[in-house]
Amino acid sequence: MGVRKIRIMPGVTITNDRCLVLDEGPTAVIGDLHLGYESALEGEGMFIPRINTRSVREALNGIIDEYEPARIVLLGDIKHDFRRSSYQAREEVRQIVGLVSDAAEAVVIKGNHDNFLQNILSDMGLLALDHIDIQGFRLEHGHVDSGIRPVIIGHEHPSVKIPGELSGGMKLQCYVVARKEGVIVIPPFSPFASGNDLNPGPDAVMAPALKSCDVENAEVYGVSDMGLIEFGKLEDVSMLTI
């Protein structure tokens with residue numbers, strides 16, 4: 001049975017709510033919301049139920065109630081579409097950022113999907129930043145590596161796949177903690193982000209900061225319906241079955 005939260009080092013707690021919490025503030029850190037995902041697909045002729053923003057809103061309200069953060073950091077890829085967003089997608093971004101701003105100090109970090117994000121935020125009194133430093137950590141999206149350590153990033157959408165002897169197994173989003181190198185990767189907040197399977201090892205890694213790490217010896221914590229699961233090192237995950 002997993003647990004709801006784990007303190008992975010002094011002042012840093014990871015949670016099964018796909019939210020990392022720093023003691024300073026406290027500060028809640030979430031990333032990869034990919035708001036407007038459905039609108040972007042509709043532009044390509046694909047229609048799916050509009051559940052991303054609703055799910056993000058409900059999860060955010062849960063985090064605000066549970067952890068009472070004084071500051072919330074949106075760690076990049078707030079929007080999904082690389083292009084100028086549709087009216088619907090812009091309103092989804094404004095709605096979620098407004099929810100965060102009403103509850104706490106909002107810090108918006110730009111991700112690689114966040115072209116034109118500042119235009120959306122221009123009349124909300126917020127500036128989209130490349131990074132912020134909190135509690136000795138550099139917080140940045142992760143598509144570009146500043147080289148500053150320790151660092152907390154998103155972008156990777158990390159996940160691990162556990163093979164099943166009698167089924168197809170299961171795939172879980174996860175946190176990755178490369179303790180020696182000072183790199184922490186958080187899972188995506190969007191329910192549509194299926195995750196980048198890290199089981200193949202270093203060749204599967206996308207984020208530059210994580211590429212520079214001994215990934216197979218990094219610690220992995222899976223997010224599941226049962227709570228956080230401590231898998232140990234990434235190299236050990238490939239030996240598991242369910």
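**Exercise 1. What percentage of the 242 residues in the chain do buried residues make up?**

Solution. Keep in mind that this is a predicted model. Start with the cut-off: a residue is buried when its relative accessible area is under 20%. Buried residues make up 53% of the 242 residues.

**Exercise 2. Find how many helices and strands the chain has, and describe its contacts along the sequence.**

Solution. Begin with the elements: the chain holds 15 strands and six helices. Next, take the contacts between residues at least 6 apart in sequence; 67% of them join residues at least 24 apart.

**Exercise 3. Which residues have the most contacts inside the largest nonpolar core, and which elements build this core?**

Solution. The largest nonpolar core has 27 residues, and Ile 30, Leu 33, Leu 74 and Val 108 have the most contacts inside it. Strands S4 (27-30), S5 (71-75) and S6 (105-109) each give two or more residues to this core, as do H2 and helices H3 (87-103) and H4 (117-121). H2 gives the most, with five residues. Now look around Leu 33: among the residues that Leu 33 touches are Val 56, Leu 74, Ile 96, Phe 189 and Ser 190.

**Exercise 4. Describe the largest pocket and its lining.**

Solution. First, the volume of the largest pocket is about 270 Å³. Second, 16 residues line this pocket, with Arg 18, Gln 173, Phe 189, Ser 190 and Pro 191 nearest its centre. Third, sort the lining by class: seven residues are nonpolar, five polar and four charged. Finally, helix H2 (52-67) and strand S11 (170-178) each supply at least two lining residues.

Definitions and conventions: Residues are numbered from 1 along each chain as its sequence is written. This is a predicted model: local features need pLDDT of at least 70, side-chain atom pairs count only at pLDDT 80 or more; totals for chains, interfaces and linings use all residues. Side-chain values use heavy atoms; hydrogens and water are left out. On a 1 Å grid over the protein atoms alone, a cavity is a set of points where a 1.4 Å probe fits but cannot get out, and a pocket is an open set with protein on both sides within 12 Å along at least five of seven lines; lining residues have an atom within 4 Å of a point. Grid points are joined across faces, edges and corners, and a volume is the space filled by probe spheres set on the points. Helices (H or I, at least four residues) and strands (E, at least two) are DSSP runs, numbered from the N terminus. Ala, Val, Leu, Ile, Met, Phe, Trp, Tyr, Cys and Pro count as nonpolar, Asp, Glu, Lys and Arg as charged, and the others, Gly among them, as polar. Buried means under 20% relative accessible area, exposed over 50%, partly exposed in between (1.4 Å probe, protein chains only). Contact means heavy atoms within 4.5 Å. A nonpolar core is a set of buried Ala, Val, Leu, Ile, Met, Phe, Trp, Tyr and Cys residues joined through side-chain atoms within 4.5 Å. Lists of a residue's contacts leave out its neighbours within four places in sequence.
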